[in-house]
Amino acid sequence: MIRVGIIGAGFMGRNHFNQYEKLSGRSKVVALCDKEADRRIGDWSKVGGNVGDKQGTKRDLGDIKPYRDWRELVTDPDVDMVDICAPTFLHREMSIEALGAGKHVLCEKPMSLSVEDCDAMIEAAAESPGKFMIAQVVRFWPEYVYLKQVIDAKELGSLRVLHLRRQAGMPDYSLDNWIWDPQLSGGAILDLRVHDVDFAVYLFGKPKSVYAQGYQNSHGSIDRVHASWDYGAGLVVQLEGYWDMPTSFGFNMGFTAVFEDGAILWDLNSGKPLTVFRPDSEPETPEMRGDDGYFREVDYFLNCIEKDKDPQTTTPHQSRDAVALALAEGESVRIGEPVKIK
Ligand SMILES: NC(=O)c1ccc[n+]([C@@H]2O[C@H](COP(=O)([O-])OP(=O)(O)OC[C@H]3O[C@@H](n4cnc5c(N)ncnc54)[C@H](O)[C@@H]3O)[C@@H](O)[C@H]2O)c1
C-alpha cells in the first residue's frame, strides 16, 4: 500500500484525490496539505475546474492528517509519496524538498516556470531514492494514446499534418486567480499550452525551430498562440492554444491528423467521439478505454513505484524540454521571428 500525501486541495488536488480513492487497493491518501483551512479538511464546495470532475463537494476525510505547512507533510514518515497539486511557482521548491526527504514525487504540469528550475528538480531526483514524474496527463488521455498508436504503427500511412488545439475562456476557478499572474503560472504559454507542446515532443521529439504568433495582455501574459513547428519537409505540425475566449465558451481540446490514407478528428467539446475517416468507406468511431487520463497517469505512477521502475511514458527530461519549447514559443511571439531549438 502506497501512502500518499497531497499538497494543494484545489481543482487538481481534488481530482487526484478521487483517483487514489478509485485505486484504494494499492494507495491511500494519509495526509493532505492546503494553506486554506476549509480545503485541508475536505470542504471542496468552493473548488471548481474546467474539465473532468468540475465541481467539488464536502468530503469526510476521516483520519487523513490535515497539514497547514507542506514542509511537515513532506517529512512525515507515514508518507511514501508526495503528490504536488499546488500552484506552479511552488513546484520547484516542493519537489526538491520532497525528493530530498526520500519520497516518491508526482508533480503537476507544467514542471516549473523556467528551464533552470526544471534542471534543479532533475538534479534532486537523481540524488533521491524516490521516483519522480510530472503529471503530463495528455500522454495518458485515451484519444491521444490512440492517435499516437496510429501514428507509430503507420496504420493510415505516413502522417502529413497534425493540428493540436486547446481552446478556453480565461480560467476563473483557481484560488484568488493565481493562474492569471504569469509570474506564478507562466500564463497560457506554459499553463495551457504545455500539454500540447509536451504531446508533440512525445510524438516527434524536438523540432528544428518554432514560429509562433499571439499576443500579450496587460498583465504581461501571452493569452493566445498559433505556432508552426519545423520538423523538415513532409510534416506540418501546428499547435494552437488560447484562453482568451468568452468564459461561456468553456474548454476544448482536440486535434486533426491527416495521413496518406485517411484522417482522424476529435474535439472534446463537440460531444462527438474520435472519428477515423478512410477513403471509400464510412467514418469509424473506435471505442476508447473508459478510464480518463487522470486515472491512468496516477495508476501508471503507482505501478512504477510498485515495480521499482523509473517512469518511461513521460520522463522529467521530456517535461523539461516541453517547458523549454513553450518558452521558445513565447520568445517567438515577442520577437516575431522563428526561434531555433538546440
Ligand atoms: N493536468 C491538468 O489538466 C491540470 C488542470 C488544472 C491545473 N493543473 C495544474 O495543477 C496545479 C494546481 O492548479 P489548480 O488548478 O488545482 O489550482 P487551485 O487554485 O484550484 O488549487 C491550488 C491549491 O493549492 C493551495 N496552495 C497554494 N499555496 C499553497 C501552499 N503554500 N501550501 C499549501 N497549499 C497551497 C491553494 O490553497 C489551493 O487550494 C498547477 O500547477 C496547474 O497548472 C493541471
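Which polar backbone atom is 2.8 Å from an oxygen atom of the ligand? I looked it up: the backbone atom belongs to Leu175.

**Ground rules**

I am working on a predicted model, where local features need pLDDT of at least 70, side-chain atom pairs count only at pLDDT 80 or more, and totals for chains, interfaces and linings use all residues. Residues are numbered from 1 along each chain as its sequence is written, and side-chain values use heavy atoms, with hydrogens and water left out.

**Ligand site**

Next I checked polar contacts, which are pairs of N or O atoms within 3.5 Å. Arg39 has a polar side-chain atom 2.8 Å from a ligand oxygen. Trp178 also puts a polar side-chain atom 2.8 Å from an oxygen atom of the ligand. I then looked at cover: the ligand alone exposes 840 Å², and the protein buries 94% of that. The areas are Shrake-Rupley values with a 1.4 Å probe.

Helices (H or I, at least four residues) and strands (E, at least two) are DSSP runs, numbered from the N terminus. I picked E5, residues 104-108, and found five of its five residues buried. Buried is under 20% relative accessible area, exposed is over 50%, and partly exposed is in between (1.4 Å probe, protein chains only). His104, Leu106 and Glu108 point one way from E5, while Val105 and Cys107 point the other way.

I counted strands as paired if DSSP finds at least two bridges between them. E4 (residues 81-84) runs parallel to E5, with four bridges joining them. Val82 has Val105 as its bridge partner in E5. E6 (residues 132-135) also pairs with E5 in the parallel sense, over four bridges. Glu108 has Ala135 as its bridge partner in E6. From E5 the chain crosses through helix H5 (residues 115-126) to E6, in a right-handed β-α-β crossover. Right-handed here means that, with the strands pointing away from the viewer, the path from the first strand over the helix to the second runs clockwise. E4, H4 (residues 91-100) and E5 make a right-handed β-α-β unit too.

I found a cis peptide bond from Lys109 to Pro110, with omega near -15 degrees. Pro110 sits in the loop between E5 and H5.

Asn177 is not a glycine, yet its phi is positive, at about 55 degrees. I place Asn177 in the loop between strand E7 (159-169) and helix H7 (182-185). Is Asn177 buried, exposed or partly exposed? Asn177 is partly exposed, at 26% relative accessibility.

Asp280, not a glycine either, has a positive phi of about 60 degrees. Asp280 is in the loop between strand E13 (275-277) and helix H10 (293-307). Its relative accessible area is 86%, so I call Asp280 exposed.

**Helix H11**

H11 covers residues 316-335 and reaches 29 Å from its first C-alpha to its last, close to the expected 28 Å. The expected span is 1.5 Å times one less than the number of residues. Buried residues in H11 include Ala322, Leu325, Ala326 and Glu329. After H11 comes Gly336, with a positive phi near 75 degrees.

Key
A polar contact is a pair of N or O atoms within 3.5 Å; within protein, one must be able to donate a hydrogen and the other to accept it, and residues adjacent in sequence count only if both atoms are side-chain atoms.
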